[in-house]
Amino acid sequence: MAKGLFATYHPAVCMLFFLAAIGFAFSTQHPAYVALSCTVSGAYLVYLRGWRPFLRTMGTCIPPVVFVGLLNSLFNAAGATILWQWGPFCICVEGLWYGVAMGGMLTAVLLWFACYNEVMTEDKFTYLFGRRLPTVSLMVTMVSRWVPRMVSRGRSAHDSQEALIGGYDPSKKGKLQRGVRTATVLVGLGMEDSIQTADSMSARGYGSAMRTSYARFKWHARERVAIGALGVLIVANAALLATDAVAFAFYPLVSPIELSWGYATYALMLGMPFCVELERLRRPRHGSSYTGQPRTRVGVPDAKKMGGSAT
Amino acid sequence: MTEHAVEMRDYAFAYGPAGADVLHGITFGLESGSFAVLCGASGSGKSTLLRALKPELAVAGSSRGTVRVLGDDPYLLSPVESATRVGFVMQDPENQIVTDTVWHELAFGLESIGMDTQTMRRRVAETAHFFGIGGWFDRRTADLSGGQKQLLNLAAIMVMQPDVLVLDEPTSQLDPIAAKGFFDVLERVNAELGITVLITEHRLEEVLPFADRVLFLGRDGTLAYDGDCDGFVRMLGTDDKGLYAALPAATRMSLLLERSGTDPGGHDSYPVTVREGRSYLASALATVRAQSEQVAESLPAERALPLGDVILRAKDVWFRYARAMPFVLRGVDFDLYAGRVAALVGGNGSGKSTLLAALAGIRQPERGRIVKARNLRVALMTQNPKALFVRDRLVDDLLEWSDLGDYSLSDVNNMLERFGLGQLRARHPYDLSGGETQKAALAKILLLEPDVLLLDEPTKGLDAPAKAQVGAILTDLALREGKAVLLTTHDLEFVSEVAHTCSMLFGHEVTCTQGAHGFFLDNLFYSTPTARIARGMLDGCVTTTDVAVSLGLSEGTYDG
C-alpha cells in the first residue's frame, strides 16, 4: 500500500487518468491550469516516492525548462511591454510570462510521467495491451527477462577472458579486440540459450491455441465509479477548454486571470488519486470497536451455524 | 490388463534415414504412478529417448516402432492435448524460463493453451501453494537462485496438470542442497499426486531411494536392464558398466563387501541411504570379526603430502562489489601451494567465485593484497566453460591464442590427444558433452602454460566417469607438472578423492584449511556419505576405498 490506493485500481482506470492528465497538460498554457497541473503532479510524486526522489526529478528537469523559457522570451518579440532591448533582441514582459508558462507545462508533463512510471508498472501495461497484442506483449516480457541475463552473461564472459589473456596486451587496441571477442561469445551463447527457451515454450503449448492472458486485476464497483467520474470530468474539462470558457492570451498583452469554475473541474480531475484515498475514511460506524464481524447483510455465513450444521 | 502410462515397443531411432540406429529394440512399459530412473553413459541416447515422448521436443531423425502415452500415440494428439499430457523439465534452469516474473511464468503454459481467466487463476494459485511459491510469487525471475528457478520450471509444468512428467537431468546445474530440495518436491509430486515420473539423472545417490524402477540404456543403444533398483545394483556389481561410481556410497560399500566375500547376509536388498548403510556395515563388521580374530582394521594412511612452496597468497583480503553493498570477502587469508590440488568448499554466495577472481587479479581487493611472483601466470576458468569458445571447430578454437601463448598446431594436436579429444577435433565446441566441454576448456587454458589453475566448479554437470577423468587430469597436473590447482566444488566426494587440502569458506572468511582427509573426518554435516556411514565403526574412512583398505580387502577394480 506504499504507493497509495490509486495504484491498486484497475490498470485501465490508471491508464485513462494518466492519458488525461498528460493530454491536458500538453493542450493548455493557461497559467492557472499549468500551475494546478504542476502542483498536483508534484504533490502526487512526493506522495508516491517521498521528497528526495521528487527533488532529484526536479533537479534534472528544471535547468532545461528554464533554458527553454529564457530562449523563448529572447527570440519572441511579439509582446507589447518591452523590458530591455539590444539590437534585434528584446525582452518583453509577455515573452517572459509565455516562457514561464511553457516551462511550467513541460515540468508538469515530466512530473506526470514520473508518477506514471511509479503507478503503471510493466505488468499492468502488458495486462492492458496483452490481450489485444499477445505477441507484442509476450515479446516485451521476454526482452525484459533477456536483457539482464545477457548483461550478466557478458560480464562473466568478459571476466573469464580477462583472466586468461587480459595480461598479454593491455593496449587500447588489445582491449578493443577483446571487446569484439566478448560480443562474439555472447552471440554464440545467446543463440544456444534461445534454442532451449524456444523448446521450453513449445513444450508448454506455445502456439497451440489462441493465447489468453492471466488477469491479476478485477473490475469492482469502485472501478466503475472511478472510471465514470473520470469520464465526466474529462468531458467537462475538454468542453470548457474547447469553448474558450477559460481562454487566455499572452500576446500582445497578457490577459487577466479571471476566476472560473474551470479551475475547480480541472483540480478535481487531477486530484483523482487523492480523492480515492478518502475511501480510507470509511470506517465502521462506532469508531474503534471494529471486531471483524461482517457489517454487510450479504455474504459471510455465521460461524456458529456452520459448526452446528456439521455436527 | 492395466494400461501403461508410458509404453514403447521395438522403438528405434536414427539421426537420418541412412544413419545407423542410435537406439533400437527399446521395449518397456511404465505403470501409472511409477517413479522410473533412466541411466546410461553420457552419449548413450538418454535424452533422445526421453524427447521421443514429447513430439514438440523430439529430435529430428527417423524412428520406427510404437510410442504410447496413456494408450495414445502422442504424435496424433491435438496440439493442446499434446502440450498438457506430458510435462518435460530440462537441464538448464535459466533457459527454460520464458517470462520476467514468477506469476507470469506460472501462467505461461495456461495462457498458451487458451485457458479462461477464472480457471487459470485457480490453477496458478493452487500450484503456487503446493510448491511453496506463494512467498516469491511477485519476484522477478532474474532475482531467483538456481534452485528456485528449477523449482519454478517444475511448477510451471505441473500447473498444466500433465499425466506424465519427464525430466532430463534436472539437477545437474544445482548445488547439492538445492538438488535435495528439488528431489523432495519431485517425490511429493509422485507420492501425493500419483504422477508418473521418468527421469534421467547422474546423482543416483539422491534419486535411487525414491525410484521403484530402473531402466538402463547400454552403449549399443538397447535397453540393457529393466527392473527394480536391487536387480540393477546386482547387475552392476557382477557386470561393471562404469556406472558403479554413480551409485550411492552405501550401495557401493555393500557391493565391495559382497565381492570380497564378507557379505553379512540376511539383508534382502542393497542399502541405499546412509542409515541403511550404517546398519549394513555394523552387521558386516560383526561377521568379519566373528570370522577372524585379527581384522586388519589398519587405519588408512593420512594421504596428506608435505606442502610445497607457497606461490600465490591472499593476505587479509577484503572485497565488495560496490560501496553500498556488504563485503563478500572479509579478511581472507589463503595460501596456494605449488604441485598440490587445493579445494575450496562452502555454501552458495559464500564468496568462493569472488575469491578465485581476486586471486586471478580481475577483482582488486579494497583492503589487503594478493602476493605473487611478477611473472607468475594465473589462469581462471569460470563456471560456464562454453564462454571460452568462439570458433566453429574445436581445433581452430584451440589455435585461437597461438600467437599470445606461442604454441603451434602440433602442440594443439598433442593436447587434444592427451585429453582424449582427438576424435572431436572437427566438432563445434557447443556440440560437446558436459565432460568433453570441461576437458576442452582445460586444454585451451593449458596451452597458455599457466603456473596456477583456478577452476570454478569444474565438476558441475558431469557424470561419474567424466568426473573421474577430470580428477585424474588435475592430479596429474599438480603432481607431475608442479602446477598449483585450486578448485571450488560442491562435490565433497570428488574433493576427498582429488584434493590434497580443503578449505571452507563461511561467513565471508576462510574458517579452516586442512588436509582433505582430515577435513572430512572432523566434520559431521559437511562430509562425504562414506564418512557418515563409517563414523564410529571404522575410523579414518572417507571414501569407499578407505573402507576396503581398513578391512584389509583388495580394493578391486572399483574406485578410480
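Predicted model: local features only at pLDDT ≥ 70, side-chain atom pairs only at ≥ 80, totals over all residues.
**View 1. Chain B as a whole, with its helices, strands and overall dimensions.**
Chain B contains 20 helices and 18 strands, and its radius of gyration of 25 Å lies close to the 24 Å that the globule rule gives for 560 residues, so chain B is as compact as a globular protein of that length. The C-alpha trace of chain B extends over about 70 × 65 × 50 Å along its principal axes. Of the 560 residues of chain B, 48% count as buried, and among the contacts in chain B with a separation of 6 or more, 69% come from residues 24 or more positions apart.

**View 2. Domains 1 and 2 of chain B and the contacts between them.**
The centres of domain 1 and domain 2 of chain B, taken over C-alpha atoms, are separated by 34 Å, and nine residues of domain 1 of chain B are in contact with nine residues of domain 2 of chain B. On the domain 1 side of these contacts, the elements that give two or more residues are α7 (204–207), β8 (213–217) and β9 (223–227) of chain B. The residues of that side of domain 1 of chain B comprise seven nonpolar, one polar and one charged.

**View 3. Helix α6 of chain B, with its buried and exposed residues.**
Helix α6 of chain B (residues 176–193) has 18 residues and reaches 25 Å from its first C-alpha to its last, which is close to the 26 Å expected at 1.5 Å a residue. Ala178(B), Ala179(B), Phe182(B), Phe183(B), Leu186(B), Val189(B) and Asn190(B) are buried in α6(B). Seen down the axis of α6(B), these buried residues fall within an arc of 135°, so they line one face of the helix. They pack against β3 (35–40), α5 (146–158), β6 (164–168), β7 (196–200) and α7 of chain B, whereas Ile177(B), Asp184(B), Ala191(B) and Glu192(B) are exposed on the other side of α6(B). The helix is followed by Gly194(B), whose phi is positive, near 70°.

**View 4. Helix α7 of chain A and the elements that cover its buried residues.**
The buried residues of α7(A) are Thr182(A), Val185(A), Gly188(A), Leu189(A), Ser200(A), Ser202(A) and Ala203(A), and what covers them includes α6 (134–165) of chain A together with β5 (86–89) of chain B. Just after α7(A), Gly205(A) takes a positive phi of about 80°. In the division of chain A into domains, domain 1 consists of 5–126 and 216–280, and domain 2 of 132–203; the centres of these two domains of chain A, taken over C-alpha atoms, are separated by 42 Å.

**View 5. The contacts between chain A and chain B.**
In this view 41 residues of chain A are in contact with 52 residues of chain B. Helices α6 and α7 of chain A each supply at least two residues of the side of chain A that touches chain B. The residues of that side of chain A divide into 16 nonpolar, 14 polar and eleven charged.

**View 6. Lys54(B), in a loop of chain B, and the residues it touches.**
Lys54(B) is found in the loop between α1 (46–51) and β4 (62–69) of chain B, and it counts as buried because 22 C-beta neighbours lie inside 10 Å, the cut-off being 20 or more. Not counting residues up to four places away in sequence, Lys54(B) touches Ala203(A), Val86(B), Phe88(B) and Val166(B). Lys54(B) and Pro74(B), which are 20 residues apart in sequence, are 7.0 Å apart in space, C-alpha to C-alpha.

**View 7. Gln161(B) and Glu449(B), residues with positive phi.**
Gln161(B), a residue other than glycine, has a positive phi near 50° and is found in the loop between α5 and β6 of chain B. With 15 C-beta neighbours inside 10 Å, Gln161(B) counts as partly exposed. Glu449(B), although not a glycine, has a positive phi of about 50°; Glu449(B) lies in the loop between α15 (434–446) and β15 (452–456) of chain B, and is partly exposed, with 14 other C-beta atoms within 10 Å.

Definitions and conventions. Residues numbered from 1 in each chain as written. Chains lettered and ligands numbered in written order. Domains from an automatic or database assignment. Contact = placed C-beta atoms within 7 Å. Helix = DSSP H or I, 4+ residues; strand = E, 2+ residues; numbered from the N terminus. Nonpolar A, V, L, I, M, F, W, Y, C, P; charged D, E, K, R; others polar. Buried ≥ 20, exposed ≤ 12 C-beta atoms within 10 Å, placed from the backbone. Expected span 1.5 Å × (residues − 1). Arc of directions from axis to C-beta. Rg over C-alpha atoms; globule rule 2.2 N^0.38 Å.
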